[in-house]
Amino acid sequence: MAYALQQLINGVTLGMIYGLIAVGYTMVYGIIGMINFAHGDVFMIGAFVSLVSLLGLAALGVSAVPLALGLTLLGAVAISALYGWAIERLAYRPLRGSFRLAPLISAIGMSIALENYVQVVQGARVKPLAPVVPGGLTLMTEGSFAVQLGWMQVVIVVVTLAVLALFTWLVTKTPLGRAMRACEQDLKMAALLGIDTDRTISLTFVIGAALAAVAGLLFLLYYGSIDFFVGFIAGVKAFTAAVLGGVGSLPGAVLGGLLIGLIETIWSAYFSVQYKDVAAFSILAVALIFMPTGLLGRADVEKV
Amino acid sequence: MTEHAAPLLAVDGLTMRFGGLTAVDDVGFAARAGEITAVIGPNGAGKTTVFNCITGFYRPSAGRLWLTRADGARIALERLGGERVASRARVARTFQNIRLFAGMTVLENLLVAQHNRLMAASGFGLLALLGTRGYRAAERAAIERARLWLDRIGLIERADDPAGALPYGAQRRLEIARAMCTEPVLLCLDEPAAGLNPRETEALAALLHDIRASGCSLLLIEHDMGLVMRISDHIIVLDHGRKISDGTPAAVRADPAVISAYLGDEDEDEAESGA
């Protein structure tokens with residue numbers, strides 16, 4: 001019982017991070033129908049910017065943890081958003097209107113380029129970071145097993161929920177969010193009504209990258225080590241989460257992220273750590289056979 | 001309507017070829033400001049092609065399309081192309097099939113059409129984030145305009161329902177209201193009465209009159225002859241890509257060329273059998 005509770009806590013924490021990344025995949029897919037394979041690498045860039053920023057602030061003598069984290073969050077979000085914007089501008093926009101596979105190939109190329117760029121600039125070794133938010137709460141003990149809720153886990157859940165709330169407000173209540181939803185439903189019609197679709201698509205990439213940067217910072221703080229390749233696995237997991245939740249659906253992305261996080265954690269805890277990815281992807285495969293549109297995705301109604 | 005009103009839209013020698021097929025052949029007409037101009041003709045006459053040229057979907061093979069603005073400046077529509085016809089020349093259009101944002105609410109559909117004004121006022125979302133007074137005023141004004149149109153089309157009660165849940169006739173009216181929220185000088189409607197029942201057609205006619213009264217000119221393609229004859233100030237008849245008649249509803253109805261295009265030419269048959 002205690003053990004299961006602990007796994008639940010760990011799974012939800014991990015799932016939140018996946019969910020944040022998955023939102024970026026699902027938004028971009030919704031609006032231009034393309035899987036942005038470089039999105040996981042924007043997450044990785046966010047994690048690296050966070051690392052550099054945290055170490056730099058520590059070297060400068062900023063010892064207040066909330067201040068350091070706040071500044072790092074802003075820096076990571078700003079720089080990753082710039083990457084997101086540049087990727088769309090350089091690698092995808094020139095290919096809009098080209099055949100469907102072209103931007104996909106460009107995305108894979110962009111992903112490889114970003115990974116190699118960070119590998120060359122930062123080195124290939126795993127970068128460690130001493131715990132920034134140590135300690136936690138012992139919820140209960142059962143025999144010799146103590147259920148721990150780390151402060152870091154609390155931070156992750158609180159930050160994720162706050163960011164998602166802000167994001168939901170942006171999408172549902174602001175003119176920009178309305179424009180994004182309109183473009184998602186009918187890009188041509190949105191353009192005819194005077195919406196600058198290029199700019200709306202750019203901003204979608206920027207927002208997705210900003211969310212990925214938040215995830216990157218949280219991932220770095222949670223695991224305490226990153227390398228240039230973290231974006232790949234986390235990206236594929238988040239992509240899986242987006243598909244499981246129903247690609248194009250924003251609540252679906254978060255739900256899918258939570259499920260993938262839980263499946264992975266619970267499988268590692270009860271079965272085998274080595275096969276945790278196999279478990280996550282098998283469940284995706286099974287889910288897609290019975291629910292091709294994902295959990296919250298809507299079936300594509302044929303237009304007549 | 002007066003004969004000397006300046007033509008809002010002047011179409012001159014418009015020709016559109018697709019490979020070897022000439023869909024529109026040297027068509028010229030004028031749509032005057034403050035009038036309802038209808039383009040009619042049998043299926044395949046080239047009506048929608050003319051529309052697509054005017055609204056920037058097609059680049060004409062030849063011909064000029066002049067739009068005269070209120071300040072007297074002339075805009076060459078065929079050079080603008082694409083979405084800029086909508087944004088710069090303020091020519092709005094609807095399609096034969098309904099293209100509402102079905103997943104968004106009725107009110108949101110009308111707010112999206114006012115996006116540019118709101119976006120500028122909201123500082124690209126940043127000021128909306130801060131909730132500044134300028135942004136809130138702009139948002140209120142946009143909602144006010146949307147409510148005005150919802151009132152006119154009789155959908156004020158359903159403002160917060162998803163647009164896709166409305167009955168067909170209401171969706172058509174909402175689409176027209178959405179186009180009007182972009183504040184066009186010319187509204188192009190492609191078969192607005194298609195699929196409407198007589199009562200809905202009646203409501204549509206009233207709405208179109210309302211729009212004309214508000215100062216926006218209309219250009220429409222329509223198959224419902226009863227409606228066309230009743231509401232139009234001026235009718236252009238196309239057949240096989242050529243203009244065969246142009247005038248008031250009464251003049252067009254009496255034109256033998258129009259009657260033969262719609263009913264088939266008896267003389268032609270006789271001439272063939274006699275030869």
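I started with helix α8 (residues 168-180) of chain B and helix α9 (residues 198-213) of chain B: their axes come within 10 Å and cross at roughly 10°. Axes here are lines fitted to C-alpha atoms, for helices over the stretch in contact, with angles from 0 to 180 degrees between N-to-C directions. That crossing makes α8(B) roughly parallel to α9(B) (angles under 35 degrees count as such).

Next I noted who touches: α8(B) brings Gly169(B), Arg172(B), Arg173(B), Ile176(B) and Met180(B), while α9(B) brings Glu200(B), Ala203(B), Leu204(B), Leu207(B) and Ile211(B). Contact means C-beta atoms, placed from the backbone, within 7 Å. I sorted these residues into 6 nonpolar, 1 polar and 3 charged (Asp, Glu, Lys and Arg are charged; Ala, Val, Leu, Ile, Met, Phe, Trp, Tyr, Cys and Pro nonpolar; the others, Gly among them, polar).

A reminder to myself: this is a predicted model, where local features need pLDDT of at least 70, side-chain atom pairs need 80 or more, and totals for chains, interfaces and linings use all residues. Residues count from 1 along each chain as its sequence is written, and chains are lettered from A and ligands numbered from 1 in the order written.

Then the strands: β1 (residues 7-18) of chain B pairs with β2 (residues 21-32) of chain B in the antiparallel sense over 8 bridges (pairing takes at least two DSSP bridges). Leu9(B) stands opposite Ala31(B) in β2(B). This hairpin has 2 residues between the strands, and Gly19(B) takes a positive phi near 60° there. Helices (H or I, at least four residues) and strands (E, at least two) are DSSP runs, numbered from the N terminus.

Definitions and conventions:
Parallel < 35°, antiparallel > 145°, perpendicular 65-115°, else oblique. Contact = placed C-beta atoms within 7 Å.
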